[in-house]
Amino acid sequence: MPLELITVPCLADNYAYLVHDRASGRTAVIDVPEAGPILGALDAHRWRLTDILITHHHDDHIQGVETLRACTHARVWGAAADTLRLPRLDETLAEGSRFQIGSEEVHVIEAPGHTIGHIAFLMPTSGYAFTADSLMAGGCGRLFEGTARQMHATMQKFAALLPEMLICSGHEYTAANLRFAATLEPDNPALILRIAEVATLRAQGRPTLPVKLEVELATNPYLRVHLPALKAAVGLGGADDATVFAEIRARKDKF
Ligand code: ZN
Ligand code: FE
């Protein structure tokens with residue numbers, strides 16, 4: 001049985017996620033932009049938080065950790081590579097780490113680019129990928145610490161997952177990301193359709209996440225840098241994929 005999954009809007013445009021295993025009662029939160037909305041969602045479902053999973057060290061993903069820890073005594077999990085910049089960790093993780101949340105085996109992958117120590121949590125049985133500020137809906141995180149080449153390699157890890165996986169990323173940036181994507185692929189029918197769907201969701205005040213990986217593969221330019229049409233669109237026909245990736249990421253910074 002898949003874990004129950006709840007999207008929790010936080011701050012101005014962040015998302016935290018709650019997953020719950022009914023049989024064991026284990027409940028984990030992925031990232032803690034602020035404690036209040038997460039405590040509210042736990043209360044509404046009558047769930048007891050057991051685990052706090054952290055993707056990376058930025059304030060808008062960890063600010064509420066100490067409050068949540070104090071209120072719930074949950075165990076805190078995060079990257080061994082970033083212990084100096086993360087809240088105190090009870091468990092440290094690296095590429096290939098595996099642990100259980102009830103019936104679900106969580107797989108950790110390192111996802112550098114946005115920050116060096118950024119990790120993602122995969123829950124293959126349930127079909128969830130918690131990507132925070134690495135793979136985002138219609139885009140990818142800004143390169144604050146890593147290189148374009150690192151982020152391109154990170155994107156390739158996600159592209160290889162099952163297309164049915166639900167991507168759970170950290171921000172509601174989808175509309176702006178797709179506006180940029182449309183400058184590269186104005187005639188992509190999947191992109192045109194998605195822009196309309198996202199506009200409808202946002203007009204209703206609803207999150208555009210989670211989203212299936214297959215939608216990302218069809219519309220997210222950072223997952224499409226191997227396509228000759230996309231290379232040509234940025235004047236780099238024949239260039240290698242990582243070079244095209246770097247050019248697209250640089251253009252987005254100025255968009
Ligand atoms: Zn971040
Ligand atoms: Fe963020």
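Trainee: Where in the chain does Pro210 lie?

Mentor: Pro210 sits in the loop between H6 and strand S14 (211-212). Keep in mind as we go that this is a predicted model.

Trainee: While we're on backbone angles, which residue has a positive phi although it is not a glycine?

Mentor: That's Leu11, with phi at about 45°. You'll find Leu11 in the loop between strand S1 (4-10) and strand S2 (14-20).

Trainee: On to the metals. Which residues are the protein donors of the zinc ion (ligand 1)?

Mentor: Go by residue and atom: His56 (NE2), His58 (ND1), His114 (NE2) and Asp133 (OD), lying 2.2 to 2.3 Å from the zinc ion (ligand 1). Along the sequence, these donors follow the spacing H-x1-H-x55-H-x18-D. His114 belongs to the loop between strand S8 (104-110) and strand S9 (119-123), and Asp133 to the loop between S10 and S11, so this pair ties together parts that are 19 residues apart in sequence.

Trainee: And which residues coordinate the iron ion (ligand 2)?

Mentor: Asp60 (OD), His61 (NE2), Asp133 (OD) and His171 (NE2) do, at 2.1 to 2.4 Å. Their sequence spacing reads D-H-x71-D-x37-H.

Trainee: I see Asp133 in both lists. How far apart are the zinc ion (ligand 1) and the iron ion (ligand 2)?

Mentor: They lie 3.1 Å apart, and Asp133 bridges them.

Trainee: Now helix packing. At what angle do H5 and H6 pack?

Mentor: Helix H5 (residues 174-184) and helix H6 (residues 189-203) pack at about 155°, with axes 10 Å apart. That makes H5 roughly antiparallel to H6, because angles over 145 degrees get that label. The crossing is left-handed. Thr174, Ala175, Leu178, Ala181 and Ala182 of H5 make the contact with Leu191, Arg194, Ile195 and Val198 of H6. By type, these residues are 7 nonpolar, 1 polar and 1 charged.

Trainee: What about H5 with H9: how are they oriented to each other?

Mentor: The axes of H5 and helix H9 (residues 241-254) come within 11 Å and cross at roughly 125°. H5 and H9 are therefore oblique to each other, and their crossing is right-handed. Asn177, Phe180 and Leu184 of H5 meet Ile248, Arg251 and Lys252 of H9. That contact divides into 3 nonpolar, 1 polar and 2 charged residues.

Trainee: Which residues of H1 meet H3?

Mentor: Ala35, Ile38 and Leu39 in H1 do, against Thr67, Leu68, Cys71 and Thr72 in H3. The contact holds 5 nonpolar and 2 polar residues, with no charged ones. As for geometry, the axes of helix H1 (residues 35-45) and helix H3 (residues 65-72) cross at roughly 35° and come within 9 Å.

Conventions: Residues are numbered from 1 along each chain as its sequence is written. Chains are lettered from A and ligands numbered from 1 in the order in which they are written. This is a predicted model: local features need pLDDT of at least 70, side-chain atom pairs count only at pLDDT 80 or more; totals for chains, interfaces and linings use all residues. Side-chain values use heavy atoms; hydrogens and water are left out. Axes are lines fitted to C-alpha atoms, for helices over the stretch in contact, and angles run from 0 to 180 degrees between N-to-C directions. Helices (H or I, at least four residues) and strands (E, at least two) are DSSP runs, numbered from the N terminus. Angles under 35 degrees count as roughly parallel, over 145 as roughly antiparallel, 65 to 115 as roughly perpendicular and the rest as oblique. A crossing is left-handed if the near helix is turned anticlockwise from the far one by less than a right angle, and right-handed if clockwise. Contact means heavy atoms within 4.5 Å. Ala, Val, Leu, Ile, Met, Phe, Trp, Tyr, Cys and Pro count as nonpolar, Asp, Glu, Lys and Arg as charged, and the others, Gly among them, as polar. Donors are N, O and S atoms within 2.8 Å of the metal (3.2 Å for Na, K and Ca); water is not among the atoms, so sites may look incomplete.
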